[in-house]
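Here is a short note to read alongside the model. Please keep the sequence and the 3D view open as you go.

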Amino acid sequence: MRRRLLPLVAAVGVLGLLAGCGGTTTAEPATSATAEATVEPAEAPAEPTTIRIASLKGPTTMGLVGLMADAAAGETAEDYQVTMYGTPDEIVPLVVQGGVDVALVPANLAAVLYARTLDADGAQVQVAAINTLGMLEVLEAGDTVHSVADLAGRTVYSTGKGASPEYVLNYLLASNGLDPATDVTVEFKSEATEVAALLAAEPGAVGVLPQPYVTVLQTQNPAIRTALSLSDEWAAVTPDSQMVTGVVVVRTAFLAEHPEAFETFLDDYEASTEFTNEHPAEAATLIAEAGIVPAAPIAEAAIPACNITFIDGDELRTVLGGYLQVLADADPAAVGGSVPGDDFYYRR
């Protein structure tokens, strides 16, 4: 990963020598009026800005481990304080109350936060980048589910109530002629590990899990198969839109006070995602040390399926805007009531 070093700037004074001028008939006496050397004091390095970052246990933090390692080694220009949480519900109040400055959250939840905090002064949170694309899969401890229609009459275990997994699943069920309220029973669990445990314990159980939990579970229990890729199912019914899983949001109050520090964070975070994707063996060790998955080989196997990315600028507006519009058309509550305005998007 790209390493950052604090610049050291030293200003050195100029030594001036004054000499007398000699005439042709009368010599001026020599003078010892040599100017004192002036040495300006060295500029002190800028104090690092503390940036409090909330991330989720999973691919969002998998893309962050390079930055975390550099910060721990004192090799970043800013002071990054990263805390990993198990569920989005733990992060929401921290963003609303100003307990964190930057958060890595489900894509639809970013829109909900925007709507919840919008006031007369405008947006209180902005989205700065997409960090993960579709990585949700329908798993089965059996061999009966081969299409979305096959979920009719089944109980499906899932995480992510109020977040992307719920609304994506509902949209895909409805797009395939099923009523999510009556044709399928979805039981939500607070964490992916609970869904994984149920799939491992119940023959014939069906569940929705994100990566890397899919890889972890299938490594431990090869009998559990991927029945459907929700990314593929999304593309089948919405070919003009990508399924966006996670994004980076920033509080606008922090951004107004520390614009340069936030730009530095975005550069460092982009480099961190590249590190994870381009050096999976090294990243996998850090991912396992962070407690995201139980072992580095599993993390390395999961990285390609996690769709860790970094998308900002105009592409962010196009991709995320299209995804949120699809969700809003299906259920406005999914995005906080309506699709966010242009002030939702941070422009570099």
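1. A word on the model: it is predicted, so local features need pLDDT of at least 70 and side-chain atom pairs count only at pLDDT 80 or more, while totals for chains, interfaces and linings use all residues. Residues are numbered from 1 along each chain as its sequence is written, and side-chain values use heavy atoms, with hydrogens and water left out.

2. You will find 9 aromatic pairs in the structure. Rings of Phe, Tyr and Trp (its six-membered ring) pair if their centres lie within 6.5 Å; planes under 30 degrees apart are stacked, over 60 edge-to-face, and the rest tilted.

3. Take phenylalanine 262 and tyrosine 346: their ring centres are 5.3 Å apart and their planes meet at 80 degrees, so this pair is edge-to-face. Phenylalanine 262 is buried, with a relative accessible area of 0%, and tyrosine 346 is buried too, at 10% (buried means under 20%, with a 1.4 Å probe and protein chains only).

4. Which residues do ring pairs link into a cluster? They are Tyr80, Phe262, Phe265, Tyr269, Phe310 and Tyr346.

5. Now the largest pocket, with a volume of about 590 Å³ (the space filled by probe spheres set on grid points joined across faces, edges and corners). A pocket is an open set of points on a 1 Å grid over the protein atoms alone, where a 1.4 Å probe fits, with protein on both sides within 12 Å along at least five of seven lines; lining residues have an atom within 4 Å of a point. Of its 34 lining residues, Leu56, Gly86, Pro88, Thr159 and Gly160 lie nearest the centre.

Conventions
Buried means under 20% relative accessible area, exposed over 50%, partly exposed in between (1.4 Å probe, protein chains only).
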